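I opened this structure to see what could be looked up in it. My entries follow in the order I made them.

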Amino acid sequence: MNAIDYSNKNNWYKRPEAIKDVDTFYVYATEYIMSSFDEGAPDYATIDNEEMLQGVPVEYMGHATTFEDSTNVFVPYYRQAGMKYGGNISKETGDVNAALYGMPYDDVTAALDYYFEQCNGGRPFIIAGHSQGSAMVLLLLRTYFKDHPDYYERMVAAYTIGYSVTKDYLEANPHLKFATGENDTGVIVAWNTEGPKNVELNAHNVVVLPGTMSINPLNWKLDETYAPASMNLGSFAPVGDTGEYEIRDVGVDAQINLARGVVVTNAPSYSEAAEEMIPYFGPDCRHGEDYVFFYNNIKDNVAKRVEAYKASH
């Protein structure tokens, strides 16, 4: 099956006019979730899948807007793996990559080709995602960007939040480097957030692979130095049951657990884990809060990495 035609603006959620001198290319997480469990549901979302189309604006609001102050944000639609299929592949093979090859990969690489040839204009860029989107970005870093070193050298950073960057992955791809602080550039910035109970139970979490690494999004350290909630610049938080969100302090702290490779927070999740999701993410997961808990810290960090890139180029 042919990749999507990305010259058609309808196949982008966001394809803005460039008004800033740095871009972000954002790959969204799994939005084809509950309907992927329906009888006879396809393994991959169609480009007009209703659940996906409803989910992307919500994810954009809570995640990709962290890049808006500093960059022009581009978001292609793509035919992604459903939660059921991606979960099954992860269970069988140990990661989600086999579910990403084929349609999802072909679509996103076609979107990247169009973006670089028609939209980017030689500007530096960030590539970012969450969950399945981050797994896709990690796949692209070791394939597409290895084959396009001229693009890769303009990468400010890759934010692959909500999926695992493992030591094996980095050893197998020596051209890639994990972030070591708050303003290094050309690096991968990543973490997976969990509550204490997931760590205590050593719970299965489909996005937490053996040997994974995290950087602490409050103090930008790789060790177990505790970062109190006072270091949090503001979370993107729901206002009661109104469906509205605002930036405020909701007491989100952060500490890396090196043994598991995750960021642990004592702040409660915004929503109770759906029973169907516990086998995928564990009973005390904060996967849905990877961005929103640390919203203003991410926004601040994007600005710092962009400035550091500009200063060194």
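**Entry 1**

I kept in mind that the model is a predicted one. I then looked for the salt-bridge partner of Glu182, and it is Lys304, with the closest N and O atoms 3.4 Å apart. The pair links distant parts of the chain, 122 residues apart. Lys304 sits in helix α11, residues 295–312, while Glu182 sits in the loop between α8 and β7.

I noted a salt bridge between the side chains of Lys304 and Asp300, at 3.0 Å from N to O. Both residues belong to helix α11 and are four residues apart, about one turn of the helix. Asp300 counts as partly exposed because its relative accessibility is 30%, between the limits of 20% and 50%.

**Entry 1: other salt bridges**

How many salt bridges does the structure hold? I recorded eleven. One of them joins the side chains of Arg286 and Asp284, at 2.8 Å from N to O. Are Arg286 and Asp284 buried or exposed? Both are buried. I also found a network of salt bridges that links Asp21, Glu307 and Lys310.

**Entry 2: the largest pocket**

I turned to the pockets. The largest pocket holds about 1,200 Å³ of space. Its lining has 49 residues, and those closest to its centre are Ile33, His130, His287, Gly288 and Glu289. I listed the elements that give two or more residues to this lining: α1 (50–62), α2 (83–93), α5 (132–142), β10 (235–238) and α10 (278–281). Which element gives the most to the lining of the largest pocket? It is α1, with seven residues. By class, I wrote down 25 nonpolar, 17 polar and seven charged residues for the lining of the largest pocket.

**Entry 3: the second largest pocket**

I gave the second largest pocket a volume of about 260 Å³. It is lined by 14 residues. Nearest the centre of this pocket I found Asp95, Asn97, Thr166, Tyr169 and Leu209. Helices α5 and α8 (167–172) each supply at least two residues of the lining of the second largest pocket. The largest share comes from α5, which gives four residues. I recorded seven nonpolar, four polar and three charged residues in this lining.

**Entry 4: a sheet**

I looked up the strand order of an open sheet of six strands, and it is β1-β3-β2-β4-β5-β7, with mixed pairing. Why is one side of β1 and of β7 left without a neighbour in the sheet? β1 (12–14) and β7 stand at the edges and each has a single partner strand, so one side of each has no neighbour there. I noted that the twist averages 20° from one strand to the next.

Strands β2 (residues 23–27) and β3 (residues 72–76) run parallel and are joined by three bridges. Opposite Asp23 I found Asn72, which is in β3.

Methods
Residues numbered from 1 in each chain as written. Predicted model: local features only at pLDDT ≥ 70, side-chain atom pairs only at ≥ 80, totals over all residues. Heavy atoms only, no water. 1 Å grid on protein atoms, 1.4 Å probe; cavity = no way out; pocket = protein on both sides within 12 Å on 5 of 7 lines; lining within 4 Å. Points joined across faces, edges and corners; volume = space filled by probe spheres on them. Nonpolar A, V, L, I, M, F, W, Y, C, P; charged D, E, K, R; others polar. Salt bridge = Lys/Arg side-chain N within 4 Å of Asp/Glu carboxyl O. Buried < 20%, exposed > 50% of the residue type's maximum accessible area, 1.4 Å probe, protein only. Pairing = 2+ DSSP bridges. Axes fitted to C-alpha atoms, helices over the stretch in contact; angles between N-to-C directions.
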